[in-house]
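Biologist: Can you take me through this model? I'd like to start with the strands and then jump around a bit.

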Amino acid sequence: MEKHQSNIPYERQRQCSRKRNILLCCLGCLCLIPLYFGQSLRSRVQSLSCGSRPYRDDPDKWCPLPDVTVPGGDGLRTSDHFMSSPQLKLQVERLSAAVRVPTESYDDNGDVDEDPRWATFQDFHEVLEQLFPLVHSQLELRKVNRYGLQYTFRGTDATKKPILLTAHQDVVPAGTASRWTYPPYEGHFDGTFLWGRGSADCKNVLIGILSAIEDLLSQSFVPRRTIVLAFGFDEETSGFRGAAALNQSLIEEWGSDSFLFVLDEGGMGIQGQGDDVLYAYPGVGEKGYYDVQLTLDVNGGHSSRPPRHTGIGIMADAIVALENNPYSPRLTQSSPFRRVLECRAKFSAKEVQPWLRGLLLSGDEKEIAEKLAREETEEKWLVQTSQAVDVITGGVKVNALPESVQLQVNHRVALHESVQHINDHIREVLAPVVQKYDLYFEGFNSSNTESFGLETASSPILVAQSLQSLDPAPISPTNNGVWAVFSGTIRHVFQTTESGQGKTVVPVGNIMTGNTDTVHYWDLTRNIYRFVPSRDGTRLNRHGIDERMGMTAHLEGMRLYYDLIRNFDGWEDE
């Protein structure tokens, strides 16, 4: 049927046209509203998606506690069986034997096939084989780059993501043995602490993990979820031969984002605040790392005819300028340390600063960080980039003016800053020094030079060079199921220890100022936890003279490894 067109009188056509035009105008205005207000709407959505939390203004919703996660239904012994006298004796024997092997790593170590100093790690492997016969007879062991240890406890369900437990075999050099109360490689136990290099960093972790696995094997445990252990051997010198090679091996076998979580050493352990609260501080992120080298080349000469300022004097002025201009502190909305402060304000209100709660409620990022920085505690470095002038060299003879002076500055980069920001900061801070001494300035691996003073052929030159750098680590989420089980297990273990009974354990992710082997494992999972499960005051003098580990705390840590394995083996997700 053909479409019929009605004949409409002219006046009615005009009226309809007028009404249609009005309607079209209204529709056009409506369409313009999103364009006019779009930017503010987008900004609001962006602010919500970039870490703004709807409960920021509601302190009652700060710091939600995970449910206590108690393992069960698997027929295994409860983890408190580790707290017995026979277990204490066994762990003293094991950790002492591990400490007695001096697995020192050095900054100038050569390749594993060339430097004979690596040979001690083979001795360490033989000790591990003797200490853990079930592990070495029933788990798959792959040696990576000769001394890296990769154990695989194959699970029955290949659809479940494996878990990765890590530690490092190496220790920092012990220094002068005569300065120690007990010889650093004797493994002396005084009834409370086991003394020796590596006892607290981190052969205690390695021995604790292997002991938990050995105990499970003794009970004929067969996991559903695969358990992988990875022990590097050069963490103290950045892990490029050990953890980096292990990561490559794991990627080749399992692929990227293939692990449920990684648990390594680190974190801030278990700390009390007040009488009834214990805070567990796993590291869910790490600050960045950046070394800068400054080299000043000047004219030399005889020291009997010195200039007003020698090269060393000029470099001293540069150091003063750097140290007088620290980096600006900031506590961002997304910083894990802000979550730490919220937890303290909620659960330990009487123990924290009286101004803390109000500034957290305000959403302030700068004033709160400046107040924390002024308190001069170690926690100031959780909101601020640190700089430390650690190395300086210059001059070759007492009666000759130094012609070259060099210093190195180490930075631990805060989450809100970057390597480029540090480069710009150094350039700005040193500009008055460059101008004062008529220097040329060559900045950060660039051939371009700048002069802030008079240009002469004999002008000295100050060169800034970037050395090793590492961006801040990705922040691991603390709002997913993996964290819930992990932190719930922490609550279970430490609320049932002798020192934790009757107390509330509050797990909250924090930031580490140093770096661990996890820098090489970023591609394996987004759930990376750095945590040595030990109470404050039980791991003493790490990297220093008289390093020692409290053995009761060591047993408590073994409970956590054991119960984590059990809880995640029964977890149905992923």
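Biologist: Which residue in β5 does Leu149 stand opposite?
Modeller: Leu149 faces Phe231 in β5. Bear in mind that the model is predicted.

Biologist: How many bridges are there between β2 and β5, and in which sense do they pair?
Modeller: Five bridges, and the sense is antiparallel. For reference, β5 covers residues 227–232.

Biologist: What about β1 and β2, how many bridges there?
Modeller: Five bridges join β1, residues 140–144, to β2, and the two run antiparallel. As one example of the pairing, Glu140 has Thr152 of β2 as its bridge partner.

Biologist: What sits between β1 and β2?
Modeller: Three residues, which makes the two strands a hairpin. Asn145 is in the turn and has a positive phi of about 50°.

Biologist: And β2 itself, buried or exposed?
Modeller: Six of the six residues of β2, 148–153, are buried, so the strand is largely enclosed by the rest of the structure. Both faces are covered. Gly148, Gln150 and Thr152 are buried on one side, and Leu149, Tyr151 and Phe153 on the other.

Biologist: Which strands do the buried residues of α6 pack against?
Modeller: They pack against β1, β2, β3 (163–168) and β5. The buried residues in α6 are Ala243, Ala245, Leu246, Asn247, Ser249 and Leu250.

Biologist: How far does α6 reach from its first C-alpha to its last?
Modeller: It reaches 16 Å, close to the 16 Å expected for its twelve residues, 243–254, at 1.5 Å a residue. Just after α6, Gly255 takes a positive phi of about 95°.

Biologist: Change of topic, disulfides. How many in the whole structure?
Modeller: A search finds one. Cys63 is joined to Cys343, with 1.9 Å from S to S.

Biologist: Where are Cys63 and Cys343 placed?
Modeller: Cys63 is in the loop between α1 (10–49) and α2 (85–99), while Cys343 is in helix α8, residues 336–347, so the link ties together parts that are 280 residues apart in sequence.

Biologist: Handedness of the Cys63 and Cys343 link, and are the two buried or exposed?
Modeller: The link is right-handed, with 95° about the S-S bond. Cys63 and Cys343 are both buried.

Biologist: Cys202, buried or exposed?
Modeller: Buried. Cys202 has 0% relative accessibility, and the cut-off for buried is under 20%, so that is how it counts.

Biologist: Back to sheets. In what order do β4, β19 and β20 come?
Modeller: The order is β4-β20-β19, in an open sheet with antiparallel pairing. β4 (193–195) and β19 (539–540) stand at the edges with a single partner strand each, so one side of each has no neighbour in the sheet.

Biologist: Which helix packs on that sheet?
Modeller: Helix α13, residues 551–569, which touches β4 and β20. The direction of α13 makes about 65° with that of β20.

Biologist: How are β19 and β20 joined?
Modeller: By two bridges, and they run antiparallel; β20 is residues 548–550. Arg539 stands opposite Met549 in β20.

Biologist: Last one, Glu556. Where is it, and is it buried or exposed?
Modeller: Glu556 is in helix α13. Glu556 is buried, with a relative accessible area of 3%.

Biologist: What does Glu556 touch?
Modeller: Leaving out residues up to four places away in sequence, Glu556 touches Met83, Val493, Phe494, Thr497, Ser499 and Arg535.

Note on methods: Residues numbered from 1 in each chain as written. Predicted model: local features only at pLDDT ≥ 70, side-chain atom pairs only at ≥ 80, totals over all residues. Heavy atoms only, no water. Pairing = 2+ DSSP bridges. Helix = DSSP H or I, 4+ residues; strand = E, 2+ residues; numbered from the N terminus. Contact = heavy atoms within 4.5 Å. Axes fitted to C-alpha atoms, helices over the stretch in contact; angles between N-to-C directions. Buried < 20%, exposed > 50% of the residue type's maximum accessible area, 1.4 Å probe, protein only. Expected span 1.5 Å × (residues − 1). Disulfide = S-S within 2.5 Å.
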